[in-house]
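I opened this model to look up its ring pairs, its charge-over-ring contacts and its overall dimensions. My entries follow in the order of the look-ups.

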Amino acid sequence: MKLTKTNSDKLTIELTMVIAPEDYAEASRKRLAECRRNADFKGFRKGNVPASLVKKVYGPQILADAVNETIGKGLQQCIDEEHLHILGEPLSSEKQPEVSWVDGEEFTFVFDLALTPEVNVEVSKDDEVPQYTVTVSAKEKSEMAENMKKYYEAQKLEKTDEEIEKEVAERLKENYKAEAEWRLTKDIRAFYVAKSGIEIPEAFLKRWLLQANAGKVTEEQMEKEFPGFVEDFKWQLVRGFLMKKYDFKIEMDDLREAATANMKYQYAMYGINEVPQDVLDDAVKSMLQDQKQIDRLAEQVEDKKVIEKLKEEMTISSKKISSEKFKALA
């Protein structure tokens, strides 16, 4: 097998693979033998069908499977020998020549590989992000108070103006506190993504995502959602770098704690704030048996660990802002 690697740019590689007959001969022989053992042809006992007949019927599939197996080994060989950290999966190149599937012939395949960009970001007290304290206008308080009065009247509940005003003040305070905390996390992520200066092979990523989600995502949807995906992806790279930098590990206790918080939140959404411990334990146990849920929880844990550490290492300044200006933030 002959492998030729050329750099299309600093993050994309074009790999040309020339596969000779001897490269896939052994894989073809094994697949033919396996196919012959399982072949069920009228007039022949199972396992005793002549190889020539099996090859005549199943030859094209055997050849394709053998060559694909050889391709897989060739790609892995290149990745291992060159110590490549690839992004996504190798894609068939637009330069791929037409293939004539003839047994005993040489095959040429061209692939595009994208490299995971290196990340190196320093964290210091010179890094500053504001934490907003939102001041609410009298108009906003008044509007919420009017809506709450109407609600309580409809429910035949008696509430004094003072009680409603107090409830409005508490609700708005808690709501904006939560939103300000969410905003702080968002701004910290954006700050370090920008500081890292990460470049990614966007054209390759679009192709890979469209191929990986074939039939699920249109090209139009991809174009619309791609900017958000890019920012999330860059943050994942930064977060991964910082997890290693600070030698953070994800323990089972971390996952269990995150799962518990998730389940409590879900129950609270249905108005159930006091969940029996045995019910909660069973729900958490079930969640931790689902690999997709574990992966999602692991991301949440990583985010929490990294963001909390960044808050300690950087400068979080206090900034007052009106609710109108806060809502207008990009």
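Ring pairs. I took rings of Phe, Tyr and Trp (its six-membered ring) as a pair if their centres lie within 6.5 Å; planes under 30 degrees apart count as stacked, over 60 as edge-to-face and the rest as tilted. On that rule I found 12 aromatic pairs in the structure. I looked at F107 and F109: the ring centres are 6.4 Å apart and the planes are at 25°, so this pair is stacked. I also noted a cluster in which ring pairs link Y24, W101, F107 and F109.

Basis. The model is predicted, so I kept to its limits: local features need pLDDT of at least 70, side-chain atom pairs count only at pLDDT 80 or more, and totals for chains, interfaces and linings use all residues. Residues are numbered from 1 along each chain as its sequence is written, and side-chain values use heavy atoms, with hydrogens and water left out.

Burial. For accessibility I used these classes: buried is under 20% relative accessible area, exposed is over 50%, and partly exposed is in between (1.4 Å probe, protein chains only). F107 has 2% relative accessibility and counts as buried. F109 is buried too, at 8%.

Charges over rings. My criterion was NZ of Lys or CZ of Arg within 6 Å of the ring centre and within 35 degrees of the ring normal. K159 has its charged end over the ring of Y152, 5.3 Å from the ring centre. K245 has its charged end over the ring of Y246, at 5.8 Å from the centre.

Secondary structure. I counted DSSP runs numbered from the N terminus, helices being H or I of at least four residues and strands E of at least two. The chain comes to 10 helices and 6 strands.

R45. This residue lies in the loop between α1 (21–38) and α2 (51–81). R45 counts as exposed, at 66% relative accessibility. I then took the C-alpha separation of R45 and Q155, which is 81 Å for residues 110 apart along the chain.
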